Amino acid sequence: DRSPSRGLGDVYKRQREAGAVGAVRELGEAGEASEAQQLADPAFDARAAYSESAYMTVDPAASSMRGLPLAEVVATFSDEQLPLHTRYSAMFALRDMNSKAAALALAAGLRERSSALFRHEVAFVLGQLERECTVPQLKECLANLAEHPMVRHEAAEALGAIGSADALSTLRAFAEDGEPIVRESCAVALDMFDRTGFEDAGVVV
């Protein structure tokens, strides 16, 4: 497993700021407007609902669960009956634990069926963690043609952030995907990895 070290935080921050708006729009058009509205509910105080993270991003829900036992946080994260912002709080607490067990618990969220928006955020968080143990779940998500394209696109970017041989071979396999956003995300992720490799070697690209 690898801890966050690839220096892609600024890129992800820009992509997140642009992609979050697109995700809400896309998922809302797909019949999931209620959950998109829940995230954008003006009743939530902006300063309380958003918090800066150690990953150079602004989280859509401040975590009130930091410091709680793993099992308790996982139970909240996995409960599809809870409000989305509550589950988000658990999601970011798991991310901040940055352990293999927490990463695998997050990866299991890619299989939950109640919210594509939630799965989209799970994939994004897995990209922040860059843990190789989550590659199988991300590969499965990317390969699932029935999954929402926005979720698959985020899984592709997460695989690019991880950058293992298995992750990269999967990205190459889907570089000609029928969904434009998935195809483009695979190409961007591969390009980001190649550029980082050149930069690490001291080559200007």
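**Ground rules.** I am working with a predicted model, where local features need pLDDT of at least 70, side-chain atom pairs count only at pLDDT 80 or more, and totals for chains, interfaces and linings use all residues. Residues are numbered from 1 along each chain as its sequence is written, and side-chain values use heavy atoms, with hydrogens and water left out.

**Confidence.** I looked up pLDDT (the predictor's confidence in each residue, from 0 to 100). The chain averages 77, and 64% of the residues score at least 70. Over residues 38–51 the pLDDT stays under 50, and I noted 23 contacts beyond four places in sequence there, a contact being heavy atoms within 4.5 Å. Residues 201–205 are also below 50, with four contacts beyond near neighbours in sequence.

**Fold.** I found 10 helices and two strands, taken as DSSP runs numbered from the N terminus (helices are H or I, at least four residues; strands are E, at least two). The order along the sequence is α-α-β-β-α-α-α-α-α-α-α-α. Of the 205 residues, 48% count as buried, meaning under 20% relative accessible area, with exposed over 50% and partly exposed in between (1.4 Å probe, protein chains only).

**E147.** Where does E147 sit? I placed E147 in the loop between α7 (135–143) and α8 (149–162). E147 counts as buried because its relative accessibility is 4%. Leaving out residues up to four places away in sequence, E147 touches L110, R113, R119, C141 and R152.

**Salt bridges.** I used this rule: a side-chain nitrogen of Lys or Arg within 4 Å of a carboxyl oxygen of Asp or Glu. How many does the rule give? The count is eight.

- E147 and R119 form one of them at 2.7 Å, N to O. R119 is in helix α6 (residues 116–129), 28 residues from E147. Both E147 and R119 are buried.
- K139 pairs with D166, with the closest N and O atoms 3.0 Å apart. K139 lies in helix α7 and D166 in helix α9 (residues 165–173), so the pair ties together parts 27 residues apart in sequence. K139 is partly exposed at 27% relative accessibility, and so is D166 at 35%.
- R152 meets D177 at 2.7 Å, N to O. R152 lies in helix α8 and D177 in the loop between α9 and α10 (180–200), so this pair ties together parts 25 residues apart. Both R152 and D177 are buried.
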